[in-house]
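The exercises below go through one protein chain, with each task followed by a worked solution. Please keep the sequence and the model open while reading.

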Amino acid sequence: MKICIYRGTSEIGGNSVELATEKTRILLDIGTPLSSMEENLPLENYKTKCRGLYADETPDIDAIFITHNHPDHYGLLPLVNSKIPVYMSKTLHDILIKIQPLLPGDFDISHLNIHEISPNESVQIGDITVTARPVDHAPSAYAYEITDGKKRVVYTGDIRFHTNQSWKSWKLADTSNAPDYLIMEGTRLSRAETHEKHPTEESVCTAITNNLRNSNKLAWISLSSQNLDRLVSVIRACYASGRTFVIDPYTAALFDLFHDSFNTVPNTDMLSCVRIYYGMNEHIADKMKNANLFFTHADKKITKTEIAKNPEQFVIKYNWALSDWLNNNGLSDYDFIYSMWHGYLSRQKTWDEHKSHLIEIHTSGHADISDLQEFVRRINPKTIIPIHTECKNDFEFVFGVKTSVLSDNETASL
Ligand SMILES: [Zn+2]
């Protein structure tokens, strides 16, 4: 087999890895770089040099496998040639077809030939076999195990070991043990990030609960609606503190989708501590109305005057319009629980006006160094290939395993 990493050898995000035999070419992830979130350029600007992938070419890729629901792993999908089969989990398929088109931008993958792949299912593509291995990182995130019968490769995608899903990541080490090559993410090797052990998701839930219990103020919370683990933590904290969680219709739609995917997740109707505030970005609201996803839980509607009467009873998913209204109506004292990546705080001006109220409670989507070291010890690869990292040259020393350091667009034999 040969490998070519088109993007991701020297940056966090934008992953795209080709594995090829003489007969077969597959791609693992086709992400957009993280910088694209701020640049707002047309998607074409982020095409990789992979040939035979895009709509305006003769297709020459036999299949694409996507690991999870973050654009730095799937963002180029709208440009892919419709004749190339694309494999992903059911949850990711549902998110990309039903939810992603609601967001700003023109994300449209309705032309694609998408196949759902179940946990631990194997798919034969030419002379390459690909097996989906569930990992802890995001809802239904996969690593992939790939073999041509001679060499065996494991690609972690993004991975962590500190939620109640961590058993999946450890199971990857046991079921895919001793691969010839481990293509492994190293997000947290960056020097500023190395020193701390990440809190568990359970401790995040406890910290949110304690903050809600010990305060008599309205609480805002900023979190990603696609972060299912965090949504569950906030809801558990609401039950434990007697508060009501006010979400938007977009978050309600995601809850319903997660309920369809995982029988352990209740839908919005089942959650007695959840109400919905229907004032939101008009552009998204219009798209939701067209998709019949907007007023799906009308009996859970809450108004801003209802919130203003007893603000201390609520935790509200951050909504700038509602925040402005409450501020202008005398509710300028509140707690603001910031529950996303710390880096956005300085990059996005939205948070500046809330700085004096901020309480940061979060844990990372990525493994800390000590967990990655333990993972490497357990999976025991012959060679590591770094990806999704700014520190590829540190891998061999940090993990004590022979490391093959590649550059973007360099082809190497495995
Ligand atoms: Zn990710």
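**Exercise 1.** Which residues in helix 5 meet which residues in helix 6?

Solution. Before starting, note that this is a predicted model, in which local features need pLDDT of at least 70 and side-chain atom pairs count only at pLDDT 80 or more, while totals for chains, interfaces and linings use all residues. Residues are numbered from 1 along each chain as its sequence is written.

Step 1: Glu-201, Val-204, Cys-205, Ile-208, Thr-209, Leu-212 and Arg-213 of helix 5 meet Asp-229, Ser-233, Val-234, Arg-236, Ala-237, Ala-240 and Ser-241 of helix 6, where contact requires C-beta atoms, placed from the backbone, to lie within 7 Å.

Step 2: these residues divide into seven nonpolar, three polar and four charged (Ala, Val, Leu, Ile, Met, Phe, Trp, Tyr, Cys and Pro count as nonpolar, Asp, Glu, Lys and Arg as charged, and the others, Gly among them, as polar).

**Exercise 2.** Describe how helix 3 and helix 7 pack.

Solution. Step 1: the axes of helix 3 (residues 90-99) and helix 7 (residues 249-261) are 10 Å apart and form an angle of about 150°; axes are lines fitted to C-alpha atoms, for helices over the stretch in contact, and angles run from 0 to 180 degrees between N-to-C directions.

Step 1: helix 3 is therefore roughly antiparallel to helix 7 (under 35 degrees counts as roughly parallel, over 145 as roughly antiparallel, 65 to 115 as roughly perpendicular and the rest as oblique).

Step 2: Lys-90, Thr-91, Asp-94, Ile-95, Lys-98 and Ile-99 of helix 3 make the contact with Ala-253, Leu-254, Leu-257, Asp-260 and Ser-261 of helix 7, a set of five nonpolar, two polar and four charged residues.

**Exercise 3.** Into which domains is the chain divided?

Solution. Step 1: domain 1 comprises 2-192 + 366-413, and domain 2 comprises 201-360, with bounds from an automatic or database domain assignment.

Step 1: the centres of the two domains, taken over C-alpha atoms, are separated by 31 Å.

Step 2: at their boundary, 16 residues of domain 1 are in contact with 15 residues of domain 2, and the side belonging to domain 1 has seven nonpolar, six polar and three charged residues.

Technical notes
Two residues are in contact if their C-beta atoms, placed from the backbone, lie within 7 Å. Helices (H or I, at least four residues) and strands (E, at least two) are DSSP runs, numbered from the N terminus.
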